[in-house]
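Dear colleague,

I am writing to hand over the structure shown below, together with an account of what was found in it. Please read the account alongside the sequence and the coordinates.

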Amino acid sequence: MQNLTRSEVEDFLYHEAALLDDWRLDDWLALYTADARYEVPATDLPRDASPDSSLFYIADDAFRLSERVKRLNKKMAVSEQPRSKTRHLVSNVRILARSADSAQVNAAFVTYRSKDGFTDTYVGSTDYTLVRGADGALKIRSKRCVLDLESLRPQGRVSILL
């Protein structure tokens, strides 16, 4: 992925954010590879913590991520019925490393979630491993959202996708 540009990565990340805000979760899931990981570590963990030895808010492989999307899309998903309104903002996009088949990318994020008369703010940074699919399009092999919060209060939980 030597010819990957920051502009291409930014457009991809903005597209991902728009899919989440429009609640097009099946289209969002299609951005992930078959061996994907999606992680949100607890707020008190070091940046390099592993879900194998630490408690994460979310530590999904591709199967669990697809099940999460199915559950969120159901009308019986109590935590998200009615659905939250979200706005995912992405900035400070940097390509940290490139190899022949992947790129390590970091970006800052702010996600606003409005529901039941309250607006919660989730702020942090995201580490991505991006690869090219067979069709040449970018895909997400891994995404780790590191929250820059001391705790989840007042939010209390992460029931949306960051």
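The paragraphs below describe the core, a strand, a helix and one further residue.

Please note that this is a predicted model.

The core. The largest nonpolar core has 40 residues, and those touching the most other members are Leu-13, Trp-28, Tyr-38, Tyr-122, Leu-130 and Leu-162. At least two residues of this core come from each of α1 (6-21), α2 (25-29), β1 (32-41), α3 (62-73), β3 (85-98), β4 (102-115), β5 (118-132) and β6 (138-147). The element that gives the most is α1, with six residues.

Strand β1. Seven of the 10 residues of β1 are buried, and the strand is thus described as mostly covered. β1 pairs with β6 in the parallel sense, over four bridges; here Glu-39 has Arg-144 as its bridge partner in β6. β1 also pairs with strand β2 (residues 56-61), in the antiparallel sense and over five bridges. In that pairing, Val-40 stands opposite Ile-58 of β2. As for Tyr-38, its contacts beyond four places in sequence include Trp-28, Ile-58, Leu-65, Cys-145 and Leu-162.

Helix α3. The 12 residues of α3 should span 16 Å at 1.5 Å a residue, and the C-alpha atoms at its ends are 17 Å apart, which agrees. At the start of the helix, a side-chain oxygen of Asp-61 comes to within 3.3 Å of the backbone nitrogen of Phe-63. Which residues of α3 are buried? They are Leu-65, Ser-66, Arg-68, Val-69 and Leu-72. Viewed down the axis of α3, the buried residues fall within an arc of 155 degrees, so they line one face of the helix. In general, an α-helix has 3.6 residues a turn, so residues three or four places apart point the same way. The cover over the buried residues of α3 includes α2, β1 and β2.

Leu-20. This residue lies in helix α1. Is Leu-20 buried or exposed? Its relative accessibility is 3%, and because buried means under 20%, Leu-20 counts as buried. Leaving aside neighbours within four places in sequence, Leu-20 is in contact with Leu-25, Trp-28, Thr-86, His-88, Lys-143, Leu-161 and Leu-162. Leu-20 and Ala-100 are 80 residues apart in sequence, and their C-alpha atoms are 29 Å apart in space.

Yours sincerely

Terms used
Residues numbered from 1 in each chain as written. Predicted model: local features only at pLDDT ≥ 70, side-chain atom pairs only at ≥ 80, totals over all residues. Heavy atoms only, no water. Core = buried A, V, L, I, M, F, W, Y, C linked by side-chain atoms within 4.5 Å. Buried < 20%, exposed > 50% of the residue type's maximum accessible area, 1.4 Å probe, protein only. Contact = heavy atoms within 4.5 Å. Pairing = 2+ DSSP bridges. Expected span 1.5 Å × (residues − 1). Arc of directions from axis to C-beta. Polar contact = N/O pair within 3.5 Å; in protein donor to acceptor, adjacent residues only side chain to side chain.
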